[in-house]
Amino acid sequence: MTVFRISEAAELLGVSADTVRRWVDAGRLTAGRDEHGHRLIDGLDLAEFVRTEGTDTGASSARNRLRGIVTAVVKDTVMAQVDIQAGPFRIVSLMSREAVDELDLQVGSVAIAVIKSTTVVVERSTPAVANKGRTSS
């Protein structure tokens with residue numbers, strides 16, 4: 001049986017460990033405890049949680065969505081390169097300068113890389129989503 005620590009589940013889901021703890025405390029996600037009292041989540045329970053509740057942030061047919069922080073923006077007169085660090089993944093997207101300006105993508109802002117086939121679509125995270133990982137409760 002595969003089990004995950006809270007931090008491992010959080011990394012897999014792209015959320016904070018505090019978020020996973022809140023889901024467990026609220027009964028949305030089942031967790032047991034090891035002999036040291038640490039919470040463990042069964043892999044089957046985690047997979048079921050993702051299938052039924054998911055962590056998707058918007059309405060889109062693309063299911064590969066990686067939330068991260070913009071680490072670089074290089075613009076010329078027509079095109080732009082946006083680098084996003086999403087967990088252990090560095091994503092580089094080439095898009096129009098106009099799109100970068102409209103999304104107000106800047107170094108330090110939170111963005112979501114939406115990957116569909118060989119295309120990466122970048123969306124600006126909404127303020128409510130951007131603050132999910134920063135709550136202290």
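The model is predicted: local features need pLDDT of at least 70, side-chain atom pairs count only at pLDDT 80 or more, and totals for chains, interfaces and linings use all residues. Residues are numbered from 1 along each chain as its sequence is written, and side-chain values use heavy atoms, with hydrogens and water left out.

**Helix α1**
- An α-helix has 3.6 residues a turn, so residues three or four places apart point the same way.

**Helix α2 and its crossing with α1**
- The axes of α1 (residues 6-13) and α2 (residues 17-25) come within 8 Å and cross at roughly 105 degrees.
- Axes are lines fitted to C-alpha atoms, for helices over the stretch in contact, and angles run from 0 to 180 degrees between N-to-C directions.
- The two helices α1 and α2 are therefore roughly perpendicular to each other, a class that spans 65 to 115 degrees, with under 35 roughly parallel, over 145 roughly antiparallel and the rest oblique.
- On the α1 side the contact is made by Ile6, Ser7, Ala9, Ala10 and Leu13, and on the α2 side by Ala17, Val20, Arg21, Trp23 and Val24.
- These contact residues divide into eight nonpolar, one polar and one charged; Ala, Val, Leu, Ile, Met, Phe, Trp, Tyr, Cys and Pro count as nonpolar, Asp, Glu, Lys and Arg as charged, and the others, Gly among them, as polar.
- Thr19, Val20, Trp23 and Val24 are buried in α2.
- Those four cover an arc of only 140 degrees around the axis, which puts them on the same side of α2.
- The cover over the buried residues of α2 includes α1, β3 (39-42) and α3 (43-52).
- Gly27 follows α2 and has a positive phi, near 85 degrees.

**The sheet**
- Five strands form an open sheet in the order β6-β5-β4-β7-β8, with antiparallel pairing; two strands pair if DSSP finds at least two bridges between them.
- Strands β6 (89-96) and β8 (119-124) are at the edges with a single partner strand each, so one side of each is left without a neighbour in the sheet.
- On average, neighbouring strands of this sheet are turned by 40 degrees against each other, direction ignored.
- β4 (residues 64-75) and β7 (residues 110-116) run antiparallel and are joined by six bridges, and Ile112 in β7 is the bridge partner of Arg67.
- β5 (residues 79-86) and β6 also run antiparallel, joined by eight bridges; Asp83 has Val92 in β6 as its bridge partner.
- The hairpin of β5 and β6 has two residues between the strands, and Gly87 there takes a positive phi near 60 degrees.

**The chain as a whole**
- The protein chain has five helices and eight strands; helices (H or I, at least four residues) and strands (E, at least two) are DSSP runs, numbered from the N terminus.
- Along the sequence the pattern is β-α-α-β-β-α-β-β-β-α-β-β-α.
- Of the 137 residues in the protein chain, 28% are buried.
- Among contacts between residues at least 6 apart in sequence, 44% join residues at least 24 apart.

How values were computed. Contact = heavy atoms within 4.5 Å. Buried < 20%, exposed > 50% of the residue type's maximum accessible area, 1.4 Å probe, protein only. Arc of directions from axis to C-beta.
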